[in-house]
Amino acid sequence: MNTRNSTPISAARLALRWALAAAAVVVLVIAGTIAANRTLFSPQHQVQALQQHLARGEGAEALGLMQAQVPQGDAVALDGDVLKRTQAGITDFSTDKAQAVEGDEQLRTVTAHYKAHGVDKESTYTLRHAGKSWLLFDKWAFEPSTLPSVKIKANTVNEVTVNEQKIPLSAGVSTLPVFYPSLLDASFSTKNFAADTRGMVVTKPAKEPVEIALKTEPTKEFIAAINAKVKNYLNECASEQVLMPAGCPFAYSTSARVDPATIDWSIAKYPTIEVNYYNGAWVLSPLKATATLTLTEQDLRTGAKAKKTVKDDYSFTAQLTTSTTEVSVVPVAGGEQVAG
């Protein structure tokens with residue numbers, strides 16, 4: 001009798017165990033679905049996915065995910081290696097929990113925190129609920145927007161380097177649409193002019209482009225070239241054995257008779273070269289040189305001869321014509337231009 005009754009009892013226990021196991025599976029599935037919906041299908045996951053596309057230089061995928069419009073400009077920083085270089089200094093990227101937007105239940109904002117070359121920065125993104133996937137998982141889409149842009153300005157040159165990429169300038173300006181966050185480093189270097197690197201961190205969209213204005217400075221080679229031309233001009237003036245060298249800043253006047261063979265000009269001090277940018281052109285500050293003249297004078301009344309040394313300061317100017325690789329210096333002495 002006991003053996004016959006044990007079979008129904010065992011079957012009931014087995015069925016109960018299966019029911020409990022099935023319930024546990026259902027609970028786990030529901031918990032997993034909730035967890036996945038809060039992570040893999042959350043607004044913040046979309047932001048993290050966007051940043052991953054940017055870090056890999058996948059501009060088309062990032063642009064499609066953001067549903068963003070691209071403003072006018074040079075799109076070189078929106079894809080490939082240049083895009084990757086705009087992200088190279090972005091580290092420790094993380095996102096806060098999505099926040100509801102008052103007045104619109106379908107909107108959420110997500111704030112991302114990161115370091116830009118070690119400096120703490122943040123960006124905020126807005127996403128809209130876009131229905132469900134498989135009736136279980138939320139879908140979130142970035143609110144359509146327009147990408148920010150950066151205006152790079154530089155005088156004297158027709159191209160600059162941005163994140164290791166040559167960028168042409170038009171009338172000294174180039175505008176680059178960029179994703180955010182982005183790190184941009186702009187500079188240029190030519191034979192005659194250079195600008196130190198200037199960095200910019202773009203963290204959000206803006207109606208107007210943010211500006212990177214590069215400060216152009218003359219190079220040492222440029223100053224040396226001008227200095228050499230000015231010295232050559234003065235040395236040629238000093239080589240003339242006349243009291244008033246033609247087209248030169250210095251001269252000597254005397255009532256005595258002078259033997260030309262005794263006239264000897266020399267430059268005691270050459271000008272200090274100072275170049276400034278003014279009214280759209282590079283100009284040379286007024287120049288001052290010190291010249292020494294030795295000669296022998298003969299008194300017209302007595303006939304006596306005397307050796308004389310005269311040292312004096314003389315001022316003049318010079319006009320510059322420049323390019324990134326060439327420079328022309330035209331001295332102006334006594335209101336007269338002199339080929340230089």
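Reply: What follows takes up the disulfide, a helix, the aromatic rings and the salt bridges in turn. This is a predicted model, in which local features need pLDDT of at least 70, side-chain atom pairs count only at pLDDT 80 or more, and totals for chains, interfaces and linings use all residues. Residues are numbered from 1 along each chain as its sequence is written, and side-chain values use heavy atoms, with hydrogens and water left out.

Me: Why is the link of C237 to C248 called a disulfide?

Reply: A disulfide is a pair of cysteine sulfur atoms within 2.5 Å. The S to S distance of C237 and C248 is 2.0 Å, so the pair meets this limit. The count by this rule is one disulfide. With -90° about the S-S bond, the link of C237 and C248 is left-handed.

Me: What makes C237 and C248 a link between distant parts of the chain?

Reply: C237 belongs to helix 5 (residues 220-238), while C248 is in the loop between helix 5 and strand 16 (257-258), and the two are eleven residues apart. Helices (H or I, at least four residues) and strands (E, at least two) are DSSP runs, numbered from the N terminus. Both cysteines, C237 and C248, are buried, a term that means under 20% relative accessible area, with exposed over 50% and partly exposed in between (1.4 Å probe, protein chains only).

Me: Why are the buried residues of helix 5 said to line one face?

Reply: The buried residues of helix 5 are F222, I226, V230, Y233, L234, C237 and A238. Seen down the axis of helix 5, these residues fall within an arc of 145°, so they line one face of the helix. The arc is that of the directions from the helix axis to the C-beta atoms.

Me: Why is the pair of Y125 and F142 called edge-to-face?

Reply: Rings of Phe, Tyr and Trp (its six-membered ring) pair if their centres lie within 6.5 Å; planes under 30 degrees apart count as stacked, over 60 as edge-to-face and the rest as tilted. The centres of Y125 and F142 are 6.1 Å apart and the planes make 80°, so the pair is edge-to-face. Y125 lies in strand 5 (residues 119-133) and F142 in strand 6 (residues 137-142); both Y125 and F142 are buried. Elsewhere, ring pairs link F193, F222, Y277 and W282 into a cluster.

Me: What makes E297 and K308 a salt bridge?

Reply: A salt bridge is a side-chain nitrogen of Lys or Arg within 4 Å of a carboxyl oxygen of Asp or Glu. The N to O distance for E297 and K308 is 4.0 Å, so the pair is counted. E297 lies in strand 20 (residues 287-298) and K308 in strand 21 (residues 305-322), so the pair ties together parts that are eleven residues apart in sequence.
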